Amino acid sequence: ALLAEDGAVVIEAPYLLDLLDHREFDTIYHQHLLYLTLTSVAAIFAPHGLHLNDAERLRVHGGSLRMTLSRSAERSEALVAALAEEARRGVGTRELYAPFLADLAAMRAEMRAMLDALKAEGARVAGYGAAAKATTLCAWFGIDAGDLEAIADRNAAKQGWSMPGNGIPIVAPEALHADPPDVVLILAWNFANEIMAENADLAARFLVPVPRPRFVTAGAAEMAL
């Protein structure tokens with residue numbers, strides 16, 4: 001109704017295939033419940049006389065799409081190729097999700113084994129990043145105050161409170177520097193390199209949980225894309 005006859009609509013949204021391929025289960029929470037594909041976007045807009053013309057892959061939010069739509073049915077070569085790839089992958093079928101679900105079970109087992117081993121060694125473990133995604137991640141991995149003594153976050157509005165569901169206290173980053181833990185679990189993994197750079201003086205190992213739990217060094221974190 002609002003679009004001019006020769007106008008274009010440009011939207012960005014998290015991409016389902018990136019979520020599945022990179023095991024980004026923790027990005028699913030109360031305000032991020034919709035994960036689109038090009039196949040679904042084309043189907044959503046077509047009944048309203050708008051057509052998907054082009055799409056660009058972005059790194060935002062662990063992998064997103066920037067999509068261009070208009071009244072024209074013309075499609076770029078890149079879009080045609082991307083739609084064909086989605087069809088090959090089985091977008092729209094239940095089978096698409098089977099490897100993802102198996103990966104999540106494996107990730108949980110691996111993370112629990114790592115945390116339990118650290119606890120057995122007597123290592124002190126803290127978290128970094130009291131992001132919304134951390135709530136989903138902690139719930140799936142079964143992480144509670146017995147695993148993390150605190151979670152540091154730069155947002156002063158969060159400090160002094162605790163994480164929902166597990167009671168882990170949220171502290172200022174300075175608290176980690178005043179009494180350094182042995183291991184820092186980076187819950188805001190999409191900012192892992194930045195967090196490690198800002199806390200390079202900590203005599204601690206950094207543990208990143210996604211796309212698989214592993215210890216990393218500053219500047220070497222594997223991002224989602």
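Select His-51 and show its neighbours. Leaving out residues up to four places away in sequence, His-51 touches Thr-68, Leu-69, Ser-70, Arg-71, Ser-72 and Ala-73. Contact here means heavy atoms within 4.5 Å. This is a predicted model, where local features need pLDDT of at least 70, side-chain atom pairs count only at pLDDT 80 or more, and totals for chains, interfaces and linings use all residues. Residues are numbered from 1 along each chain as its sequence is written, and side-chain values use heavy atoms, with hydrogens and water left out.

His-51 sits in strand E2. Strands (E, at least two residues) and helices (H or I, at least four) are DSSP runs, numbered from the N terminus. Colour the open sheet of three strands: the order is E1-E3-E2, with antiparallel pairing. Strand E1 (8–14) and E2 are the edge strands, each pairing on one side only. From one strand to the next, the twist averages 20°. Two strands pair if DSSP finds at least two bridges between them. E2 and strand E3 (residues 64–70) run antiparallel and are joined by seven bridges. Pick Leu-52: its bridge partner in E3 is Leu-69.

Next, select helix H2 (residues 38–45). H2 lies across E1, E2 and E3, at about 30° to E3. Axes are lines fitted to C-alpha atoms, for helices over the stretch in contact, and angles run from 0 to 180 degrees between N-to-C directions.

**The pockets**

Rolling a probe the size of a water molecule over the atoms shows where empty space is left. On a 1 Å grid over the protein atoms alone, a pocket is an open set of points where a 1.4 Å probe fits, with protein on both sides within 12 Å along at least five of seven lines; lining residues have an atom within 4 Å of a point.

Go to the second largest pocket. Its lining has 14 residues, and Tyr-15, Leu-38, Arg-57, Leu-65 and Ala-82 lie nearest its centre. Helix H1 (16–21), strand E2 (51–58) and helix H3 (77–89) each give two or more residues to this lining. H3 provides the largest share, five residues.

Finish at the largest pocket. Its lining includes Tyr-128, Lys-133, Asp-153 and Phe-191. Which helix gives the largest share? Helix H7 (residues 192–198) does, with three residues.
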